[in-house]
Amino acid sequence: MDVPNNLFESYEVPDGMLDEVHMPFPTTHPAYGMIRDLFDSMSPPDFKRLNEYAKLSFMNQGITFAVYDDSSMGTEKIFPFDLFPRVINREEWKMLEKGLIQRNTALNLFIKDIYHDQHILRDKVVPASLVQTSPHFLSQMKGFRPVGDVYCHICGTDLIRHKDGSFYILEDNLRCPSGVSYVLSNREAMRRTLSDFFKKIPVEPVNQYPAMLMQMLQSVSPHQDDDPVCVLLTPGQYNSAYYEHSFLAQSMGIELVEGKDLVVENETVYMRTIRGLVRVDVIYRRVDDDFIDPEMFRKDSLLGVPGLMRAYLAGNVTLVNAPGTGVSDDKAVCAFVPDMVRYYLQEEPILSNVPTYICEREDDLKYVMEHLPELVVKPTDMSGGYGVMVCDRLSREELEAVRAQVKADPRHFIAQPKMLLSLHSTYIEESSGFEPRHIDLRTFTLMGNETQFVLPGGLTRVALKKGSLIVNSSQGGGSKDTWVIFD
């Protein structure tokens with residue numbers, strides 16, 4: 001392949017798309033011009049060397065992610081990172097921040113309600129059947145109130161910018177949202193590689209996240225100690241996000257533990273140490289509900305702690321996030337979050353959902369069957385981009401298979417119009433230049449006992465395959481540093 005004369009030589013924006021770098025839209029930021037000019041001034045070999053330097057930085061830090069496909073059980077790779085940052089102006093970010101806090105406040109009230117009086121179900125704002133048939137609804141949580149009535153302490157909300165220039169909510173992730181370590185690592189790599197940018201462009205910092213996370217964990221301790229003991233519970237080194245687990249524990253200065261490191265005695269959780277047992281007050285758990293306690297959930301789990309739920313329900317330890325929050329990750333339930341905002345807060349939602357058809361509803365199912373080739377069909381209980389079917393890319397036989405699958409089990413599917421995620425200049429090694437690629441944005445919101453924090457910018461994820469709309473890291477997607485400019 002011939003080396004191009006400049007990095008943007010073959011750059012073409014497809015018709016009908018919004019490119020955040022090359023096309024003006026209402027909230028575009030002039031910093032893009034400065035960044036583009038710098039990269040325009042570089043020869044492809046010079047930029048390639050810069051890119052290799054950034055990759056070396058990631059390798060030295062051990063920043064990896066497991067990629068799963070049909071040919072392997074999981075391959076550890078350097079987390080793909082692109083040097084062209086995504087820029088969001090401060091006014092737009094302030095709107096997003098306000099909308100995310102509003103949304104998470106409503107979600108927390110919803111989770112509290114469904115495990116107590118269930119007003120929203122009785123008033124038929126959210127169908128009771130959706131909640132009751134969700135595999136993540138835990139009857140064990142009925143009547144239990146965690147510290148500060150906080151259930152969703154950490155939420156990763158995914159947004160997309162559509163071709164109209166506006167952001168839309170794609171989904172919420174309340175079980176074990178991942179990716180924040182890559183936000184911090186991306187920023188560190190950018191500072192090492194393109195340090196002059198940060199002298200010229202006022203970018204909101206992100207390095208305060210570990211301190212804010214620690215503050216949130218301490219705020220929900222069930223004990224009034226001055227120095228509560230917090231730990232991060234990991235499934236272990238073979239988990240795809242183990243790098244993040246160890247990174248966050250180290251950044252906060254807390255112990256990274258596995259289930260075998262904890263023991264429950266007298267409905268109290270203790271950590272085994274060389275000095276004996278130490279009481280644990282707060283567990284930031286990165287283990288799914290099914291596996292956290294073999295006494296109450298999966299009997300074959302080797303990842304959890306026997307008796308953990310007894311200690312939790314006795315009020316002697318806080319679990320972050322609370323068990324049972326996954327009911328809000330259900331993509332059918334997610335469609336009702338704007339209604340939750342109106343119901344609990346008496347406010348109009350600041351952020352709009354992507355329009356969603358709930359296949360369990362007769363009218364929605366009829367529409368989906370009639371318009372299937374135009375839609376994207378998703379399982380309600382899967383994450384990581386798995387099971388997503390972009391129907392206009394399927395053969396007739398594949399389309400009929402999807403139709404049969406949805407009709408056979410409509411509760412477990414939703415459908416959405418094909419949203420044209422915005423594009424962004426992304427370096428593609430095979431062509432030694434920049435090409436447009438689809439992006440989304442995962443944001444991170446913390447809610448503690450009277451504390452709220454949204455990490456400025458979040459993680460911009462990139463679909464590295466040309467034309468792909470699947471940005472998830474678990475399927476080979478990459479990421480960018482996200483700059484909120486505070487001028």
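**Cut-offs applied to a predicted model**

Biologist: Why does Cys 230 count as buried?

Modeller: Cys 230 has a relative accessibility of 4%. Buried means under 20% relative accessible area, exposed over 50%, and partly exposed in between, with a 1.4 Å probe and protein chains only. The value for Cys 230 falls under the 20% limit, so Cys 230 is called buried. The model is predicted: local features need pLDDT of at least 70, side-chain atom pairs count only at pLDDT 80 or more, and totals for chains, interfaces and linings use all residues. Residues are numbered from 1 along each chain as its sequence is written, and side-chain values use heavy atoms, leaving out hydrogens and water.

Biologist: How many disulfides does the rule give?

Modeller: A disulfide is a pair of cysteine sulfur atoms within 2.5 Å. By this rule the count is zero. For Cys 230, the nearest cysteine sulfur is that of Cys 176, 17 Å away, and Cys 230 is in no disulfide.

Biologist: What makes Gln 250 exposed?

Modeller: Its relative accessible area is 69%, so Gln 250 is exposed. Gln 250 sits in helix 9, residues 242–252. Helices are DSSP runs of H or I with at least four residues, strands are runs of E with at least two, and both are numbered from the N terminus.

Biologist: Is His 245 buried or exposed?

Modeller: His 245 is at 1% relative accessibility and therefore counts as buried. His 245 also belongs to helix 9. Leaving aside residues up to four places away in sequence, His 245 touches Leu 232, Thr 234, Pro 235, Asn 239, Leu 256 and Arg 286. Contact means heavy atoms within 4.5 Å.

Biologist: Why is Arg 361 called partly exposed?

Modeller: Its relative accessible area is 36%, so Arg 361 is partly exposed. Arg 361 lies in the loop between strand 14 (357–358) and helix 13 (362–371). Pro 410 is 49 residues away from Arg 361 in sequence, and their C-alpha atoms are 8.3 Å apart.

Biologist: What is the phi of Asp 149, which is not a glycine?

Modeller: Asp 149 has a positive phi of about 55°. Most residues other than glycine have a negative phi, and most peptide bonds are trans. Asp 149 is in the loop between helix 5 (128–132) and strand 4 (154–161) and, at 16% relative accessible area, is buried. Gln 346 has a positive phi of about 55° as well and is not a glycine, but Gln 346 is exposed at 62%.

Biologist: Which peptide bond is cis, with omega near -5°?

Modeller: The bond from Val 320 to Asn 321 is cis. Asn 321 is in the loop between strand 12 (318–320) and helix 11 (331–334).

Biologist: How do you know that the radius of gyration of the protein agrees with that of a compact globule?

Modeller: The radius is taken over C-alpha atoms, and the globule rule is 2.2 Å times the number of residues to the power 0.38. For 487 residues the rule gives a value near 23 Å; the protein has 23 Å, so the two agree.
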